[in-house]
Amino acid sequence: MTGREDPKSNDLFFTCSLIDYIARKTKNKRSVVVNALGRASVAKIYDLADVYHSDSIDRVCDDFIASAQITEGDFDNVAAARYAVPSHWDIGKVYKRLILGIAREQQIDVVEALFAAYNSFVSEKIDDYNSSFYYDAPQNILNAYLYGYIE
């Protein structure tokens, strides 16, 4: 291991950040983006994140929007935010921690855990920047997912 964390954890961080970037650019919910990309493309992003990370995120984003034929939606949680908006990197970190927790707790592959996270009610809560949920403790976010409710 080089650096402060496992390289695959960093690859997941980039993957989640790119998903958020694509969602913001296309004004779609994060679940719409991951489902449009599909498992093969998400796995490719995760596998080649170190390569994509060295390129312009705008170009990588545009390439995946085009290849997945993601159209403009009407979900704009950035414009709807009344307070400071977290960056796509900030939200990528929230999802990375959640996905790693799901994979560990449910003993499933990271890509499967990613789809589970983004297609859960927790994703809707994370993406509400007018609430405090996205900056809650990582264990609390994971517990909300695992137990199916927010305390």
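This is a predicted model: local features need pLDDT of at least 70, side-chain atom pairs count only at pLDDT 80 or more; totals for chains, interfaces and linings use all residues.
Lysine 8 has a partner, aspartate 11, and the two form a salt bridge in which the closest N and O atoms are 3.2 Å apart. Both belong to helix H1, which spans residues 7–26, and because they are three residues apart there, about one helical turn separates them. Aspartate 11, for its part, is buried, at a relative accessible area of 9%.

The structure holds eleven salt bridges, and another of them joins arginine 30 to aspartate 127, with 3.8 Å between the closest N and O atoms. This pair links distant parts of the chain, since arginine 30 sits in helix H2 (residues 30–47) while aspartate 127 lies in the loop between helix H8 (121–126) and helix H9 (138–147), 97 residues apart. Arginine 30 is buried, with a relative accessible area of 1%, and aspartate 127 is buried too, at 5%. These two residues also take part in a network of salt bridges that includes Asp20 and Arg24.

Turning to aspartate 55 and arginine 59, their side chains meet in a salt bridge at 2.1 Å, N to O. Aspartate 55 is partly exposed at 32% relative accessible area, and arginine 59 counts as partly exposed at 38%.

Finally, alanine 84 is found in the loop between helix H5 (77–80) and helix H6 (88–106), and with 63% relative accessibility alanine 84 counts as exposed, the cut-off for that being over 50%.

Methods. Residues are numbered from 1 along each chain as its sequence is written. Side-chain values use heavy atoms; hydrogens and water are left out. Helices (H or I, at least four residues) and strands (E, at least two) are DSSP runs, numbered from the N terminus. Buried means under 20% relative accessible area, exposed over 50%, partly exposed in between (1.4 Å probe, protein chains only). A salt bridge is a side-chain nitrogen of Lys or Arg within 4 Å of a carboxyl oxygen of Asp or Glu.
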